[in-house]
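Please have the sequence and the model open while reading.

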Amino acid sequence: MYVADSRAGDPAPASADGAVRHPAGRRRAAVAPTVLALGTVSLITDVSSEMVTAVLPLYLVAGLGLSPLGFGLLDGVYNGFSAAVRLAGGHLADRGGGRHKWVAGFGYGLSALCKPLLLVAHTLTPIGLVLAADRTGKGLRTAPRDALISLSSAPEARGRAFGVHRAMDTAGALLGPLAAFWILRATVDGYDAVFTVSFCVAAAGVLVLVLFVPGGPARAAATPAPAPSPAPTSAPAPAARPTLRAAAGLLRGRELRRITVCALLLGLATVSDAFVYLLLQRRLGVADRWFPLLPLGTAAAFLLLAVPLGRLADRVGRWRVFLAGHGALLAAYALLLASWHGPALPYAVLLLHGGFYAATDGVLMAAASETVPENLRSSGLAVVQTGQALARFTCSLLFGAAWTLWGDRTALLASTAALAVCAAWCFVSLRPVREATR
């Protein structure tokens, strides 16, 4: 279905909020082979990482006896520590000119090497160090990988390209908890077996990256070379060198600064996945052996909705879809707070949770790609990712502390109120953009 289209014309212009207006009769650009190769790498890697993620909350809280505050600290490390190195990964990829693949490969390899170390880490400090190293690998690889996707895709198809990649990535997230579930049921030392198999799968993902992802600078195949100008009156301005100062200067741009601020504010009120699953388990009394299956609902919804919502974002505007995704997350929190505990509750919460990710993850990167030049693409995406990761790290710490002090319901109520306020602020701040497209 996603075959390169050699007859694609010039990129369609994008409106201020990321909606692309396609001229009549023009064929849509296809998803580039680089996107499919990176999607395969992410699929395999996510099988590995989600095997660990699926059992980690139960392993730490029930197996090692950590308090919610201790788990919140580790969960914050797991989800937010990568913020410390995302800018470094983005800068290294841009500075090398064509090193996106190799910086990403180093990150994938570092994360793979951390998996077997969980076999010997049984207390808070060593587990925290292993998780920090694992997330360092994720931080190094994320921005270069997303820059490769952006640079190899035509502007009018970036929402769909990120949607395809996230769908493939989420297929791995769907298979990982299933694998963890069967390993726990089939082995005596279940957690150790999960960590061992996870390492083997992660190593296979690194091998696929090395063999099948192109190593040179990525360019959108669907975008033809510009026609030569008959007599230019002045030479074009040289592109900014990919220095740290140039990367920091990207925030002087109004659009990227607004994207970063909105991602940061909304991230401050986004409860981590692990806490959502723990809350569901408490509400429904889910047995420990079934706990690894809870992420499957989120992954299945993400997988089904990522491509359609990515294409919708290309057509109607990326910010509209992005904010609607946070509306879905608010609805999921409201269901968790409700007194109704019917059999449909987990399905509704996980469907909304997966829809939130499908409407925000790749869509945010597609929107940010429009605001930074090609030679600083990895650094620019890293700026947005860093703000979001730091915010979610802070949210994990605060939510874990609130749960410990006041209980899970009060903690979730506070997060819901904060998310509603932040979403309303972003909605109002984006009104000029929406009005400009009418």
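Which residue forms a salt bridge with Lys115? The partner is Asp134, and the closest N and O atoms are 3.0 Å apart. The model is predicted. Across the whole structure, a search finds eleven salt bridges.

- Side chains of opposite charge can pair when their charged atoms come close.

**The network around Arg166**

- Four residues are linked in a network of salt bridges: Arg145, Asp146, Arg166 and Asp361.
- Asp146 forms a salt bridge with Arg166, with 3.1 Å between the closest N and O atoms.
- That pair links distant parts of the chain, with Asp146 in helix H5 and Arg166 in helix H6 (residues 158-186), 20 residues apart.
- Both Asp146 and Arg166 are buried.
- Asp361 also forms a salt bridge with Arg166, and here the closest N and O atoms are 3.4 Å apart.
- This second link spans 195 residues, from Arg166 in helix H6 to Asp361 in helix H13 (residues 345-369).
- Is Asp361 buried or partly exposed? Its relative accessibility is 30%, so Asp361 counts as partly exposed.
- Arg166, in contrast, has a relative accessible area of 4% and is therefore buried.

**Gly107 in helix H4**

- Gly107 lies in helix H4.
- Its relative accessibility is 0%, so Gly107 counts as buried.
- Which residues does Gly107 contact, leaving aside its neighbours within four places in sequence? They are Gly137, Lys138, Leu140 and Arg141.
- Asp134, the salt-bridge partner of Lys115, is 27 residues from Gly107 in sequence, with their C-alpha atoms 8.6 Å apart in space.

**Aromatic pairs**

- Phe275 and Trp403 form a tilted aromatic pair, 5.6 Å centre to centre, with 45° between the planes.
- Phe275 lies in helix H10 (residues 273-284) and Trp403 in helix H14 (residues 377-406), so this pair ties together parts that are 128 residues apart in sequence.
- Phe275 and Trp403 are both buried.
- Trp319 and Phe322 form an edge-to-face pair, 5.1 Å centre to centre, with 85° between the planes.
- Why are Trp319 and Phe322 separated by about one helical turn? The reason is that these residues are three residues apart in helix H12 (residues 318-337).
- Trp319 is buried, and so is Phe322.
- Phe275 and Trp403 also belong to one aromatic cluster with Phe399.

**Recap**

- Arg166 and Asp361 connect helix H6 with helix H13.
- Phe275 and Trp403 connect helix H10 with helix H14.

How values were computed: Residues are numbered from 1 along each chain as its sequence is written. This is a predicted model: local features need pLDDT of at least 70, side-chain atom pairs count only at pLDDT 80 or more; totals for chains, interfaces and linings use all residues. Side-chain values use heavy atoms; hydrogens and water are left out. A salt bridge is a side-chain nitrogen of Lys or Arg within 4 Å of a carboxyl oxygen of Asp or Glu. Helices (H or I, at least four residues) and strands (E, at least two) are DSSP runs, numbered from the N terminus. Buried means under 20% relative accessible area, exposed over 50%, partly exposed in between (1.4 Å probe, protein chains only). Contact means heavy atoms within 4.5 Å. Rings of Phe, Tyr and Trp (its six-membered ring) pair if their centres lie within 6.5 Å; planes under 30 degrees apart count as stacked, over 60 as edge-to-face and the rest as tilted.
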